[in-house]
Amino acid sequence: NSLPLEESENVRKLGSQISGMLDVETLLKGFILNPDVHVSGKIYDLSVEEQEFTDSQFQLTINQEQIKGDVELFGNQVKSTFQLPISEKTPFALKIQANQWNYTTLATLIGGGKLLNDYQSSLTGDLDLHADSGGLWKSTGRGTIENLLLQRGQLKLQNPQPMKLVMNHGLIGLEQFILQSDESVDNKSYIKLSGKDFSADDLVVKLDSQLNLRLLQIF
């Protein structure tokens, strides 16, 4: 209980000012060389580069067949339930809901935390995928991004309309995957991604972009 994150060697290696507390509980059941592992935990009083975040919590179950769990990050910003197969016969399932998630906080994991205060970001959307077998790349379902914002000073990208992803037994289609700048400031920056019925084994997509790369520096 109450383990300080800033005292973790792995957290210090990220190169960002991160502080907070961690509670974690682990239960092992069954045969010692092949246990069922149940892990639950909570991160609270979290601060990243002097930005305060609401509590996060998680639960995981791990065995020979699957990794199953649910997470709730930063209050209600991100919620997810998942079933990730280890055995080929185990079903796959992934559900994610994001509500005005400040996703640039992920940049702290790759060394971009010092730029966090320069950015505004928001992601609202949902994803629901499932497969009886074969995992992620054989799944069926759909996802929608209602709003995606990335802004640094006057540089800004945002979707003008909802972006949609459709999967059908591993075949992927993208609809309206367009991010563009505010025309009143800059009408030249944009990212367009398109693709229809492509897969992990046949990745045929088109990316068209013109962008000031300073906007992506945090990544």
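Modeller: What follows begins with the chain as a whole, turns to the salt bridges, and then visits several other sites.

This is a predicted model, in which local features need pLDDT of at least 70 and side-chain atom pairs count only at pLDDT 80 or more, while totals for chains, interfaces and linings use all residues. Residues are numbered from 1 along each chain as its sequence is written, and side-chain values use heavy atoms, with hydrogens and water left out.

The protein chain contains one helix and 16 strands, where helices (H or I, at least four residues) and strands (E, at least two) are DSSP runs numbered from the N terminus. Its C-alpha trace spans about 60 × 45 × 25 Å along the principal axes. Of its 219 residues, 34% count as buried, a word that stands for under 20% relative accessible area, with exposed meaning over 50% and partly exposed in between (1.4 Å probe, protein chains only).

The structure holds three salt bridges, each being a side-chain nitrogen of Lys or Arg within 4 Å of a carboxyl oxygen of Asp or Glu. One of them joins the side chains of Glu9 and Lys13, with an N to O distance of 3.7 Å, and both Glu9 and Lys13 are exposed.

Another brings together the side chains of Lys42 and Asp55, again with 3.7 Å from N to O. Because Lys42 belongs to strand β3 (residues 36-48) and Asp55 to the loop between β4 (51-53) and β5 (56-62), this pair ties together parts that are 13 residues apart in sequence. Lys42 is partly exposed at a relative accessible area of 34%, and Asp55 is partly exposed as well, at 35%.

The remaining salt bridge is formed by Arg152 with Asp118, whose closest N and O atoms are 3.4 Å apart. Arg152 sits in strand β10 (residues 140-152) and Asp118 in the loop between β8 and β9, so here the pair ties together parts that are 34 residues apart in sequence. Arg152 is buried, with a relative accessible area of 6%, whereas Asp118 is partly exposed at 38%.

Strand β9 also carries Asp126, which counts as partly exposed at 39% relative accessibility. The C-alpha atoms of Asp126 and Ile96 are separated by 5.4 Å, although the two residues are 30 places apart along the chain. Apart from residues up to four places away in sequence, Asp126 touches Ile96, Gln97, Arg142, Gly143 and Thr144, a contact being heavy atoms within 4.5 Å.

In the loop between β7 (78-85) and β8 lies Thr90, which is buried with a relative accessible area of 6%. A polar atom of the Thr90 side chain lies 3.2 Å from the backbone oxygen of Glu65. Glu65 is also one of the residues in contact with Thr90 beyond four places in sequence, the others being Gln66, Gln83, Pro85, Asp132 and Ser133.

In soluble globular proteins, nonpolar side chains tend to be buried together. Leaving out residues up to four places away in sequence, the residues that Leu46 touches include Leu5, Ile18, Phe53 and Phe74. Phe74 is placed in the loop between β6 (66-73) and β7, is buried at a relative accessible area of 14%, and has a phi near 55 degrees, a positive value in a residue other than glycine.

Gln176 likewise is not a glycine, yet its phi is positive, at about 60 degrees. Gln176 lies in the loop between β13 (171-175) and β14 (177-180) and is partly exposed, with a relative accessible area of 35%.

Methods:
Polar contact = N/O pair within 3.5 Å; in protein donor to acceptor, adjacent residues only side chain to side chain.
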